[in-house]
Amino acid sequence: KKFESSGELILALKLLKEIKELETQSNDSTRLVCTKPDSSSEETDETNLVLGELMHKAKESITIIGYLMTDDEYIEKIFQMIKNNPNIMKLKIRFVFDNVKEVQEHGKKYRSINEIIRSMWEQDIPFPEIYSYNGKSDSLHAKAVIIDSKEIFSTSANMSGRAIKRNFEMGICHVGKPARDAEKIIDELIKKQWFERS
């Protein structure tokens with residue numbers, strides 16, 4: 001296009017610069033997170049480190065969505081990270097899992113998610129909300145952590161030591177609107193009683 005004046009050209013250049021800055025910000029707000037056999041790769045962040053960072057930085061809320069939870073040392077560490085958050089007394093913490101009351105059977109038996117959470121929680125800090133999925137013939141299979149409705153970590157990793165330290169798992173951590181959207185979906189499903197408070 002031919003520009004009519006130098007003012008038009010300057011405006012076009014400014015707009016191009018703003019578009020480039022927005023693209024850079026968008027790229028910087030999303031990162032790849034993995035559990036992998038070779039932790040030397042610099043292209044990704046490790047699942048356990050990202051979980052620790054997220055649990056520590058929360059100021060208002062933590063929502064953890066999952067399918068399976070084990071009570072091994074790695075999950076204990078995640079609970080400890082939550083309890084060590086400087087804002088723990090005012091945080092709204094929610095666990096939304098597939099079936100929180102039943103003994104879990106995945107190759108071997110594990111205590112119910114309800115029991116695991118209760119056994120790892122301290123008496124002197126507010127107890128989290130625990131929700132169980134009400135699907136009769138289907139299951140909640142999503143795995144995600146939402147922090148302050150601003151950041152979401154969506155991953156293939158369950159809340160288990162295998163997923164955090166041994167398996168090959170992959171996910172994306174993103175700052176922005178998808179975190180708010182995911183939190184809204186959870187809120188709506190709770191209101192519609194797809195998730196039952198335990």
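Strands β1 (residues 30-35) and β2 (residues 45-46) run parallel and are joined by two bridges, where strands (E, at least two residues) and helices (H or I, at least four) are DSSP runs numbered from the N terminus, and two strands pair if DSSP finds at least two bridges between them. In this pairing V33 sits opposite D45 of β2. β1 also pairs with β10 (residues 169-175), this time antiparallel and over six bridges, with C34 standing opposite M170. All of this comes from a predicted model, in which local features need pLDDT of at least 70 and side-chain atom pairs count only at pLDDT 80 or more, while totals for chains, interfaces and linings use all residues. Residues are numbered from 1 along each chain as its sequence is written, and side-chain values use heavy atoms, with hydrogens and water left out.

Now to β7. Strand β7 (residues 129-133) is largely enclosed by the rest of the structure, because five of its five residues are buried; buried means under 20% relative accessible area, exposed over 50%, and partly exposed in between (1.4 Å probe, protein chains only). In a regular strand the side chains alternate between the two faces of the sheet. Here E129, Y131 and Y133 point one way from β7, and I130 and S132 point the other way. β7 pairs with β4 in the parallel sense over four bridges, and F95 stands opposite I130 there. β7 also pairs with β11 (residues 195-197), in the antiparallel sense and over three bridges, which puts Y133 opposite F195.

Next, the nonpolar interior. A nonpolar core is taken here as a set of buried Ala, Val, Leu, Ile, Met, Phe, Trp, Tyr and Cys residues joined through side-chain atoms within 4.5 Å. The largest such core has 32 residues, and I62, I64, M69, I82 and F95 touch the most other members. At least two residues each come from α2 (47-57), β3 (61-66), α3 (73-83), β4 (92-97), α4 (113-120) and β8 (144-147). A second, separate core of 13 residues includes I65, V96, Y133 and I146. Not counting residues up to four places away in sequence, I62 touches M55, I82, L91, K92, I93, R94, I146 and I147, a contact being heavy atoms within 4.5 Å.

V145 belongs to strand β8 and, at 5% relative accessibility, counts as buried. Leaving aside neighbours within four places in sequence, V145 is in contact with L51, L54, M55, T63, I64, E151, I152 and F153. The C-alpha atoms of V145 and G66 are separated by 8.7 Å, although these residues are 79 apart along the chain.

As for α3, its buried residues are I75, I78, F79, I82 and K83. Seen down the helix axis, they fall within an arc of 140 degrees, so they line one face of α3; the arc is that of the directions from the helix axis to the C-beta atoms. They pack against α2, β3, β4, α4 and α5 (161-166). At the start of α3, a side-chain oxygen of D72 comes to within 3.0 Å of the backbone nitrogen of Y74.

Finally, the charged pairs. A search of the whole structure turns up 11 salt bridges, a salt bridge being a side-chain nitrogen of Lys or Arg within 4 Å of a carboxyl oxygen of Asp or Glu. One of them joins E53 to R31, with the closest N and O atoms 2.7 Å apart. E53 lies in α2 and R31 in β1, so the pair ties together parts that are 22 residues apart in sequence. E53 counts as partly exposed at 31% relative accessibility, and R31 likewise at 23%.

K83 forms a salt bridge with E122, the closest N and O atoms being 3.0 Å apart. This pair links K83 in helix α3 with E122 in the loop between α4 and β7, 39 residues apart. K83 is buried, with a relative accessible area of 13%, whereas E122 is partly exposed at 38%.

E183 forms a salt bridge with R94, and here the closest N and O atoms are 2.5 Å apart. E183 is in helix α6 (residues 177-191) and R94 in strand β4, 89 residues apart, and both are buried. Salt bridges that share partners also join R31, D45, E53, K57 and E151 into one network.

How values were computed
Polar contact = N/O pair within 3.5 Å; in protein donor to acceptor, adjacent residues only side chain to side chain.
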